[in-house]
Amino acid sequence: VTIPAIPEDIGVVPGGKQVLVAAGNTLAVYDLNGQQLGSIRLDGPASSFLVSPDRQRVWINVPTSKTVVIADLVSRVQIRSFAATSATYVVNSDGKGGSASLSTGVNYAIAFDERGRRLLLATRKPSKLLIMDSDSGNIRDSRQTINDPEDVWFDPATGRAYITGNDAVIDVISQRTVDSYEPLAKVPSAPGARTSL
């Protein structure tokens, strides 16, 4: 298959019937034979994407506009987008509701907490982990993380997020509640080990 632009991310839709490729200003949809079925147009290059557990929607990180786009995988059109910067979030340190001004960086990596319906976004400049309500787009928590994060993963069994980036460590952040996280450990890795699986 010839892809018209340099690919940034690739993934198989759960169930194995479709392959998604983020390249240029599109998220292209292919079947397993390499036939393009369609594409989702974006207002900038996608850095990463995540398919919803029901395989009906996809969340797409578009760093140039600092947004998370939600698109329908069936119709292949954008439904809406959420700003991943200069947002207001709920403060949970005392267990009570509140709000604060939040200036975030450019969103590159994305993971999903299915039980809590929260997106985990890793941003650069500054390097932070954001916890976003996947339905409303409200940012619920923000935590410093390692320099220049590249990937973020969420383990539902332990409630831990794992972040890799430019630093030679894996940043492990633990979930206190669905809206609140705290640093747990920095596990030694290797210089240049930015991506993770």
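Start with Arg124 and Tyr108: in this predicted model, Arg124 lies over the face of the Tyr108 ring, 3.7 Å from the ring centre.

Next, the aromatic pairs. How many does the count come to? The count is 1 aromatic pair. That pair is Trp59 with Phe112. A pair of aromatic rings is described by the distance of the centres and the angle of the planes. For Trp59 and Phe112 the centres are 4.6 Å apart and the planes are at 40°, so the pair is called tilted, the class between under 30 degrees and over 60. Trp59 sits in strand β6, residues 57–62, and Phe112 sits in strand β11, residues 106–113, so the contact ties together parts that are 53 residues apart in sequence. Are these two buried or exposed? Trp59 has a relative accessible area of 0% and is buried. Phe112, at 14%, counts as buried too.

Now to strand β13, residues 128–133. Here 6 of the 6 residues are buried, so the strand is largely enclosed by the rest of the structure. Lys128, Leu130 and Met132 point one way, while Leu129, Ile131 and Asp133 point the other way.

What does β13 pair with? On one hand there is β12, residues 118–124, antiparallel over 6 bridges. Leu121 stands opposite Leu130 there. The β12–β13 hairpin has 3 residues between the strands, and Lys125 in the turn has a positive phi of about 55°.

Then there is β14, residues 139–144, which pairs with β13 in the antiparallel sense over 5 bridges. In β14, Ser142 is the bridge partner of Leu130. This hairpin has 5 residues between the strands, and Gly137 takes a positive phi near 85°.

Methods:
Residues numbered from 1 in each chain as written. Predicted model: local features only at pLDDT ≥ 70, side-chain atom pairs only at ≥ 80, totals over all residues. Heavy atoms only, no water. Phe/Tyr/Trp six-rings, centres within 6.5 Å; stacked < 30°, edge-to-face > 60°. Helix = DSSP H or I, 4+ residues; strand = E, 2+ residues; numbered from the N terminus. Buried < 20%, exposed > 50% of the residue type's maximum accessible area, 1.4 Å probe, protein only. Lys NZ or Arg CZ within 6 Å of the ring centre and 35° of its normal. Pairing = 2+ DSSP bridges.
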